[in-house]
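Please look over the sequence and the structure shown here before reading the notes that follow.

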Amino acid sequence: MPAATRARWAVVVATSVVLVATGCGSSGGGGGSSGASGGTGGIVTAWWGDPQNPLEPANTNEVNGGAVIDMIFTGLVQYDPKTSEPSNANAESITSDDQQNWTVKLKPGWKFSDGTTVTAKSYVDAWNYGALSTNKQLNSSFFSYIQGYDQVAPASGNPTAQTLSGLKVVDDNTFTVALTQKFSTWPATLGYSAFVPLPASFFSDHAAYLNKPIGNGPYEISSWTKSAKMELRPFTGYAGSDKPKNGGIDLKVYTDTNAAYADLQAGNLDVDNGLPNSALKTVETDLNGRFLNTPAGIIQTISFPLYQANWNTPNAQKVRLGLAMAIDRNTITKVVFNNTRTPASDWTSPVLGAAGGFKEGICGQACTYNPTMAKQLVQEGGGIPGGQLTISYNADGPHKEWVDAVCNSINNALGNTSACVGNPIGTFADFRNQVTSKKMTGPFRTGWQMDYPLIQNFLQPVYTTGASSNDSGYSNPQFDSLVNQANANPDKSGAISQFQDGEKLLATDLPAIPLWYQNGTVGWSDRVTNVLLNPFSVPVYDQITVK
Amino acid sequence: MGRYVIRRLLQMIPVFLGSTFLIFVMVHALGDPVNALFGDRAPDPVVAAQIRKQYNLDEPLWLQYLIYMGNLFRWDFGTTFNGQSVTSLLATAYPATIKLTAVAFTIEVIFGVGFGLISGLRRGGWSDNTVLIFTLIVISIPTFVTGYVLQYLVGVQWGILPATAGEDLTLESLLLPGIVLASVSLAYVARLTRTTVAENSRADFVRTAVAKGLPRRRVVLNHLLRNSLIPVVTFLGADLGALMGGALVTERIFNIHGVGFYLYQGIVRQNTATVVGFVTILIIIYLAANLLVDLLYAVLDPRIRYA
Amino acid sequence: MPDQEKYNKADPLADAGTEEEEIQSAVESRTFDLGTMEAQTLIKNERLDDEPEVAAADDRVKPRSLWQDAWRDLRRNPIFIISGLLIIFLVVMAIWPGLFTSTDPLKCDLSKAQQGSESGHPFGFDGQGCDVYARTVYGARASITVGVCATVGAALVGTTLGGLAGFLGGWSDSVISRVADIFFGIPILLGGLVFLSVIPSRSIWIVVAFIVVLGWPQIARIGRGAVITAKQQDYVTAARALGASNSRLMLRHILPNAVAPIIVVATIALGTYIALEATLSFLGVGLKPPTVSWGIDISSASATFRNAPHMLLYPAGALSITVLAFIMLGDAVRDALDPKLR
């Protein structure tokens with residue numbers, strides 16, 4: 001979920017309030033945890049921001065709403081909090097003979113917290129609702145692989161059908177899905193929060209539902225004071241394996257990450273995964289080591305506006321390479337981020353693991369700091385298009401520090417203190433408007449937080465022609481066809497090597513420079529133990545225990 | 001008196017319309033808020049169009065303003081993107097901000113007037129100079145610096161007061177943000193009181209009182225201070241509105257979910273309804289405070305009469 | 001002078017009580033901040049001033065104007081001398097920063113980030129590894145430019161509009177006063193967030209323009225009050241009776257007598273404008289690099305002051321000294337213009 005990513009990093013620190021993108025897919029519990037003790041014990045208070053949208057699963061694309069959706073829902077699939085390996089949760093099996101027509105069987109006996117049963121209809125209705133354009137769901141495009149999406153969400157005008165023709169209920173615990181194309185890893189995408197089931201009350205009394213959403217997950221909402229606090233308590237009828245090990249979670253909305261950190265130090269907050277950059281230097285000693293810094297499925301990049309003629313020439317390509325080499329990633333991740341970022345050398349994330357497609361060094365020399373060669377390349381390429389490099393970012397997020405550091409690094413390499421300058425844009429909304437309307441004249445900040453742990457998610461939505469998050473306007477038919485072949489390839493390792501071949505094209509074309517892989521960070525009070533982060537950098541709430 | 005009040009109220013109407021329109025236009029000029037809802041993903045044009053329609057964003061600006069004002073008179077302030085009505089936000093935010101303002105205001109009055117009185121009575125003495133330097137330093141340091149430093153030292157390091165206020169606002173938790181919010185105005189009040197006290201202490205009515213043999217305490221409190229308070233009250237009255245609107249930074253640092261917090265969030269999410277709704281109430285409070293101060297004048301100074 | 005009469009003179013409102021047009025603006029002519037308040041006392045004291053001048057003439061001493069008096073007073077006031085010297089020093093630093101340091105404020109070495117002072121770098125390094133001393137010296141230009149230009153701009157606009165409102169009275173007064181109310185009603189930080197987010201360019205002049213737009217009503221109110229007071233004085237009536245034109249009345253007779261309170265308020269406002277620039281930077285809508293300013297440095301250092309207090313201390317110190325210097329100057333000028341305090 002791209003949106004989530006940027007937004008998240010943009011805003012979180014700055015305001016804690018806003019658009020943070022979410023780690024969507026993880027179901028709050030770790031799949032791996034054995035269903036041990038029931039929900040006894042104390043209450044954990046945790047940092048939270050006000051969700052940007054109403055809490056409908058298909059309408060939640062940022063981290064604050066996503067955290068709650070993950071806690072109160074468990075979908076067909078969930079991801080292991082440590083290895084990000086997908087495993088069946090509510091699904092008994094998801095099978096296909098041709099990689100295109102899938103049959104989903106549910107585990108029987110699962111219930112929503114209002115007592116109703118989870119059936120195949122709960123899923124089909126929920127997905128139909130999410131896809132229908134008149135329902136204004138922000139994640140509707142996640143259903144675009146399913147047949148009939150063109151009718152429920154036509155490119156213009158009103159929908160000509162109310163339901164997806166590709167979804168069919170077979171019996172209470174079985175439904176079939178017909179996709180528009182072969183997609184061998186489709187089941188692994190189903191841990192994303194848009195794919196969860198919805199109870200009948202969602203449709204019968206929508207307004208009441210929005211005040212107190214009901215799900216089938218490990219927690220249920222016991223009270224919600226909007227913009228202030230949400231109290232979640234274990235759902236005793238939960239049928240999944242990841243049963244909560246605490247007495248509940250109280251999410252507290254903070255106006256500012258610094259305020260949350262002050263509360264954490266003062267002992268008024270138990271779990272804080274919104275640590276401000278300024279705290280990273282001292283967090284280890286402040287909290288006596290009660291701090292976790294672990295890889296997350298987030299990569300930060302700088303994208304170039306290839307739709308501008310002067311950035312889309314062979315010479316400009318040399319300049320892009322030169323700029324990529326002028327960035328001292330090691331020093332910046334160490335000094336500015338205190339090792340909560342790892343210098344990037346491909347376009348994916350280490351949380352995928354080597355088997356999942358992560359491969360160090362695909363980026364090659366472009367991601368290796370070499371100021372001398374950088375200067376030479378920029379000169380050979382005729383200098384920076386437009387004379388001065390401006391790196392745009394949204395000022396309501398925590399980006400100023402690293403953008404300034406990147407610019408200083410480029411300036412030092414080029415020997416010119418005014419070669420590069422940061423260009424803050426007031427709000428995230430304004431920034432995204434300029435990016436999506438292709439009005440950028442220089443490079444700009446981009447980031448990607450995965451929706452589900454697949455290499456496909458790092459490449460297809462961002463770099464294929466016309467893709468939803470292809471902000472640089474990159475278009476390479478060879479890359480597009482490699483991605484299509486990989487999607488249709490039933491052999492996992494074969495598909496991954498095709499994706500990696502695609503990445504090699506990115507290394508020469510450089511539509512975006514990889515900067516660093518972002519880690520998730522969390523600090524906690526001495527009241528609680530066993531605080532983990534999942535690959536979406538969201539705490540694994542159900543595993544937290546209170547002393 | 002009644003005629004005067006009515007006239008003043010009528011004059012508020014154009015000011016009110018002008019301010020709200022100005023804010024409306026400025027927030028609108030920030031650009032389209034809908035794209036940002038999709039985060040990093042390019043918006044789905046169909047869904048985006050539906051959302052724009054829901055919030056009337058597809059209408060021309062003047063019509064949007066008219067629709068908004070029309071709804072306003074039916075006490076409908078609109079909704080935020082996450083489906084909360086702005087009236088419900090107003091209902092949570094204003095009590096919080098009013099509590100904070102009350103604490104800050106009390107601090108401002110007690111210490112501002114106190115310091116000013118001490119300083120004005122001993123013009124040129126060491127206490128006067130101390131107060132002068134102290135107030136100058138307070139005026140010259142931006143609020144966010146004072147806020148962060150005090151929060152860390154008092155709230156975290158020494159643990160004397162709560163570091164943040166949060167949801168349940170207690171007097172104790174509001175003390176620190178109150179001090180920070182009051183600090184600059186406090187300095188102004190102290191300087192203002194000092195000036196008027198110094199001036200009035202040479203006035204004939206004070207000399208007369210002293211000559212009559214009244215005890216010093218009575219002279220200072222009943223004659224000097226009372227007469228010196230008129231300009232201070234003017235300042236305080238107008239400052240009340242400024243405190244509420246100016247809490248943007250303080251509320252953010254101390255996690256108070258008040259007017260400043262929602263205004264900031266409204267701007268970042270470019271939600272016109274939130275921003276204009278909150279500013280509307282702020283402007284009403286500001287205008288009412290102005291009127292109140294003018295009326296208060298007549299009470300404090302019997303020689304002033306409003307026809 | 002009998003107590004009652006003096007009081008009446010001292011209080012513009014007392015006069016206002018008899019005149020409709022002025023009642024409605026009681027709040028406007030009194031003001032909402034210290035500057036204005038102090039200016040009010042000046043306005044009333046100016047009237048008292050007429051008398052000593054007459055007395056001086058009797059003694060066959062060459063009459064001195066208010067300004068000559070003030071200047072004589074100022075020259076002997078240590079506060080004025082200290083603040084004046086400080087301001088001269090700061091202005092020199094703003095114009096020729098190269099005199100004070102040879103280090104480039106934009107030349108930064110990240111590996112030295114947040115380190116303390118070392119030889120050649122007396123103030124240490126900031127979070128980007130830039131030299132704090134060089135940035136403090138170079139930051140003076142932007143900060144003082146914002147302060148001075150915004151003040152001059154607000155004073156010009158405010159005096160013109162406020163003066164016209166006070167001089168013309170009637171409906172033009174109402175219109176100008178209500179427009180001023182509109183701008184005054186918008187909280188300044190909120191206005192800054194929205195206004196400066198809208199405008200893509202974030203040059204010094206945009207920030208200055210913003211402060212002028214939201215700052216002029218304050219000066220206009222004082223200007224208006226001062227002009228109304230001056231307008232009612234005998235010498236103006238006399239000049240009018242002699243057939244002086246409106247513009248001549250305004251420029252020759254009224255304005256010079258109304259300008260003192262404006263100067264006082266302006267010097268205090270100047271200090272607050274410099275601090276405002278820092279707060280705007282804190283909110284992410286202030287000046288932007290490669291401009292070097294104290295506000296930018298203070299806002300980026302404020303969250304890390306625990307780890308590296310020197311990053312915050314030096315630019316904040318420079319800012320405080322500058323604000324102090326201008327407020328002290330304002331104080332001294334105020335005292336000099338106030339005959340009662342002699």
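The notes below cover the nonpolar core, a sheet with its helix, a helix pair and a chain contact.

This is a predicted model, in which local features need pLDDT of at least 70 and side-chain atom pairs count only at pLDDT 80 or more, while totals for chains, interfaces and linings use all residues. Residues are numbered from 1 along each chain as its sequence is written, and chains are lettered from A and ligands numbered from 1 in the order in which they are written.

**Nonpolar core**
- The largest nonpolar core holds 350 residues, and those with the most contacts inside it are A:Ile410 and C:Ile211; such a core is a set of buried Ala, Val, Leu, Ile, Met, Phe, Trp, Tyr and Cys residues joined through C-beta atoms within 7 Å, where buried means that 20 or more other C-beta atoms, placed from the backbone, lie within 10 Å of the residue's own.
- Helix α13 (residues 246–282) of chain C gives the most to this core, with 18 residues; helices (H or I, at least four residues) and strands (E, at least two) are DSSP runs, numbered from the N terminus.
- Leaving aside neighbours within four places in sequence, C:Ile211 is in contact (C-beta atoms, placed from the backbone, within 7 Å) with C:Ala150, C:Ala154, C:Tyr273 and C:Leu276.

**Sheet of chain A**
- Four strands of chain A form an open sheet in the order β4-β5-β7-β6 with antiparallel pairing, two strands being paired if DSSP finds at least two bridges between them.
- The edge strands, each pairing on one side only, are β4 (91–96) and β6 (167–171) of chain A.
- Four bridges join β6(A) to the antiparallel strand β7 (residues 174–178) of chain A, and A:Lys168 stands opposite A:Thr176 in β7(A).
- Helix α3 (residues 120–131) of chain A lies across β5 (101–106), β6 and β7 of chain A and runs at about 170° to β6(A); axes are lines fitted to C-alpha atoms, for helices over the stretch in contact, and angles run from 0 to 180 degrees between N-to-C directions.

**Helix pair in chain B**
- Helix α5 (residues 86–121) and helix α8 (residues 171–200) of chain B pack at an angle of about 35°, with their axes 5 Å apart.

**Chain B against chain A**
- In this contact, 47 residues of chain B meet 57 residues of chain A.
- On the side of chain B that touches chain A, the largest share, six residues, comes from α3(B).

Key:
Buried ≥ 20, exposed ≤ 12 C-beta atoms within 10 Å, placed from the backbone. Contact = placed C-beta atoms within 7 Å.
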